[in-house]
Amino acid sequence: MQDELSLKKKAEEALKKSAVYGEDFNLDDYEIASKGTKITKDLTSLSAEDQKTLLNVGIVPNEENRSGTFVMLNNAVSHTSVKQDDAVELMSIQDALKRYDWVKDYSWKLVKPDADKYTATTYLQNADGYFIRAPAGKKSTMPVQTCLLIGSKDVSQTVHNIIVVEEGAQLDVITGCSTKTGVEKGLHLGISEIYVKKGATLNFTMIHNWAEQIGVRPRTVVHVEEDGTYINNYVSLKPVRSIQTYPTVLLEGKGAFTRLNSIGVAHPGSELDLGSKVIFNAPDTKAELISRTITTGGKVIARGEMIGNANGVKGHLECHGLVLSSEGTQRAIPILEANVEDIELSHEAAVGRIAREQIEYLMARGLTEEEAVGMIVRGFLDVGIQGIPDELKASIDETIAKIGEKAL
Amino acid sequence: MLEIQNLTVEIGGRRILNGINLNVEAGFKNVLFGPNGAGKSALLMTLMGFTGYKVVTGKIIFKGEDITNMSVYERAQMGLGIMTQRPPNMSGVKLRSLLDVISKNGSNYIELAETLDMVRFLDRDVNVGFSGGEIKRSELLQLSIQNPDMVLLDEPESGVDLVSIEQLGSTIKNLLTGGSKCAGKRRRHGKSALIITHTGQVLDYVDADRGFILCNGRVMCSGNPREMLDDIKTKGYVECVKCKMNYL
Ligand SMILES: Nc1ncnc2c1ncn2[C@@H]1O[C@H](COP(=O)(O)OP(=O)(O)OP(=O)(O)O)[C@@H](O)[C@H]1O
Ligand SMILES: [Mg+2]
């Protein structure tokens with residue numbers, strides 16, 4: 001209790017605390033999104049337009065090949081369903097806190113409420129979100145899909161998620177974030193606390209599909225135990241006002257591994273500040289960070305950070321940025337830090353335009369310049385993300401085709 | 001088919017080709033010899049229209065049209081195709097997806113990929129980590145599927161092992177002749193080609209019509225390609241330069 005009170009006090013004090021990076025949004029400019037909504041039992045009963053919005057971020061309304069589905073509209077849970085209930089448990093955080101006494105030990109433990117104004121307001125609003133648990137030793141064959149949707153204009157959405165993959169379990173999660181058609185301005189604040197226990201594997205894919213005046217401030221920390229594996233795929237290809245994210249993976253057990261793939265396109269008017277941080281706190285831990293970003297006129301800041309605090313650590317950071325317009329900016333900021341002797345951390349960063357030679361190589365084979373650029377861009381962004389539905393692939397292809405046209 | 005008229009080319013302000021005159025008649029397979037650094041590759045790259053090869057004077061006429069200022073794409077559309085000496089690494093572009101696009105014309109690449117032992121490369125990034133011989137096979141596979149009317153080959157046999165050369169040679173032969181054995185038909189229906197070679201090995205597979213020797217960015221002479229090769233093998237290019245000097 002004492003704890004909670006002091007946390008609350010700290011959070012209140014942090015309400016005016018700007019984040020270290022990114023445009024400083026004024027929380028008062030946005031109405032707090034509604035905590036009430038009607039429950040949608042069957043997602044296929046939604047309008048065709050809403051279903052398309054879901055599909056475009058990898059959420060399949062008919063829930064085919066999904067072990068569970070969770071949808072949050074504004075600040076309220078509008079749908080929860082589980083098909084593979086032996087392998088995954090899925091409910092809202094508020095329900096989970098009521099059901100299990102131990103969930104509080106996982107709540108606001110990795111992300112500090114007073115980190116900045118965004119975490120503070122999310123904490124103080126007692127935000128809802130999803131709770132996913134993969135019980136020890138269980139391997140779900142299909143991913144859980146979760147969707148965080150802003151459905152009203154000029155609101156701020158606050159979300160708090162917890163994922164626990166217990167010992168030896170395996171789980172795939174796809175999280176799609178989007179706005180309903182017509183919602184142009186808004187703020188999305190999303191706290192995610194992820195626990196990968198001993199020998200467990202989590203494959204986490206996040207697709208962002210925002211609108212031109214949306215500010216996005218995810219705050220994610222992942223805790224990986226011995227021999228655990230955490231794979232993160234992050235994709236944001238559509239226009240947005242500002243995304244600033246710096247997910248941090250703590251490799252806390254011997255032999256833990258993480259791979260973080262980030263793919264982003266900054267359109268004119270967009271600012272993508274995409275970071276990834278790995279802290280190696282246990283021996284023989286490994287990490288691969290891959291960032292592939294494109295600017296067609298917006299600003300990209302690709303941060304990659306690896307901090308080695310234990311022996312036998314290996315990490316590689318690859319940060320490639322394509323500039324397809326002279327209006328755009330690409331800034332790559334790799335940071336490597338070794339605090340013990342037996343450490344191998346390396347990075348490879350490159351920003352610039354597509355080599356003329358590559359475009360002409362394809363043109364010599366009969367491709368138009370547009371087709372050539374499209375093919376190179378597609379290859380550039382393809383980091384081999386598994387398990388995304390065909391609809392999303394088609395939508396990605398469409399975006400890439402447009403980028404190919406714009407690049408000329 | 002192809003007429004190169006008084007072509008002078010600069011790379012980065014440096015003159016690389018100097019007043020080149022050279023023709024390839026329809027159905028002819030002509031060969032380009034010359035020492036390292038002579039400008040052979042530069043000539044082929046210029047013909048295809050790659051950036052960096054600046055035509056200072058002269059013209060390139062292809063199928064009766066002046067293509068000197070056309071884009072690479074337009075030249076390819078007109079039926080010009082090339083196997084370059086050093087193609088770029090195409091990170092992210094899978095050989096399969098490239099072939100899928102090239103074969104829009106309906107040709108099937110799987111069979112030829114098998115013949116050239118390239119099936120296991122289909123899902124790899126084009127040229128990335130390919131060995132010298134693998135690059136040649138991959139280039140030839142793409143070019144055969146593209147099936148251009150006039151083929152520019154830059155040392156197609158270099159770096160290819162003795163076993164693969166047979167595959168490669170006969171694939172080139174098929175590409176150039178369309179399988180037709182009759183010399184008269186070949187002349188009328190076969191493709192035109194301009195082929196760079198040092199060893200002349202490719203001549204075992206291609207019925208070459210004319211040879212040219214390029215030295216210091218100039219065409220020194222032309223003649224029977226086999227006789228020229230024999231001469232080069234015995235006397236080298238030194239004679240060539242002397243000969244040209246006598247000429248002048
Ligand atoms: N991009 C470039 N920048 C500067 N010089 C170049 C460039 N490309 C070619 N050259 C020069 O132009 C000359 C001709 O080169 P080219 O590649 O055409 O020779 P080549 O006859 O094909 O030789 P090889 O038999 O060795 O392949 C060489 O001296 C080369 O160094
Ligand atoms: Mg050469």
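The model is predicted.

**View 1. The two domains of chain A.**

**View 2. Contact between domain 1 and domain 2 of chain A.** Domain 1 of chain A brings 28 residues to this contact, and domain 2 of chain A brings 23 residues. About 2100 Å² is buried between domain 1 of chain A and domain 2 of chain A, with 75% of that area from carbon and sulfur atoms. On the domain 1 side, A:Arg292, A:Ile354 and A:Ala355 supply 25% of the area buried against domain 2 of chain A, more than any other three residues. Between domain 1 of chain A and domain 2 of chain A there are zero salt bridges, whereas five residue pairs are in polar contact, both residues at pLDDT 80 or more.

**View 3. Strands on the domain 1 side of that contact.** At least two residues each of the side of domain 1 of chain A that touches domain 2 of chain A come from strands S10 (201-209), S12 (229-236), S15 (257-266), S17 (286-295) and S19 (313-323) of chain A. S17(A) gives the most to this side, with four residues. By class, the side of domain 1 of chain A that touches domain 2 of chain A holds 15 nonpolar, ten polar and three charged residues.

**View 4. Chain B.** Nine helices and ten strands make up the count for chain B. The radius of gyration of chain B is 18 Å, close to the 18 Å that the globule rule gives for 248 residues, so chain B is as compact as a globular protein of that length. Along the principal axes, the C-alpha atoms of chain B fill a box of roughly 55 × 35 × 35 Å.

**View 5. The interface of chain A and chain B.** Chain A and chain B bury about 1800 Å² between them, with 63% of it on carbon and sulfur atoms. Two salt bridges are found across the interface of chain A and chain B. One salt bridge pairs A:Arg365 with B:Glu139, whose closest N and O atoms are 2.7 Å apart. Ten residue pairs are in polar contact between chain A and chain B, both residues at pLDDT 80 or more.

View 6. Helix H5 (356-363) and helix H6 (369-381) of chain A each supply at least two residues of the side of chain A that touches chain B. H5(A) provides the largest share of that side, seven residues. The side of chain A that touches chain B divides into seven nonpolar, four polar and five charged residues.

How values were computed. Residues are numbered from 1 along each chain as its sequence is written. Chains are lettered from A and ligands numbered from 1 in the order in which they are written. This is a predicted model: local features need pLDDT of at least 70, side-chain atom pairs count only at pLDDT 80 or more; totals for chains, interfaces and linings use all residues. Side-chain values use heavy atoms; hydrogens and water are left out. Contact means heavy atoms within 4.5 Å. Buried area is the accessible area (1.4 Å probe) that two parts lose on being put together, summed over both. A salt bridge is a side-chain nitrogen of Lys or Arg within 4 Å of a carboxyl oxygen of Asp or Glu. A polar contact is a pair of N or O atoms within 3.5 Å; within protein, one must be able to donate a hydrogen and the other to accept it, and residues adjacent in sequence count only if both atoms are side-chain atoms. Ala, Val, Leu, Ile, Met, Phe, Trp, Tyr, Cys and Pro count as nonpolar, Asp, Glu, Lys and Arg as charged, and the others, Gly among them, as polar. The radius of gyration is taken over C-alpha atoms; the globule rule is 2.2 Å times the number of residues to the power 0.38.
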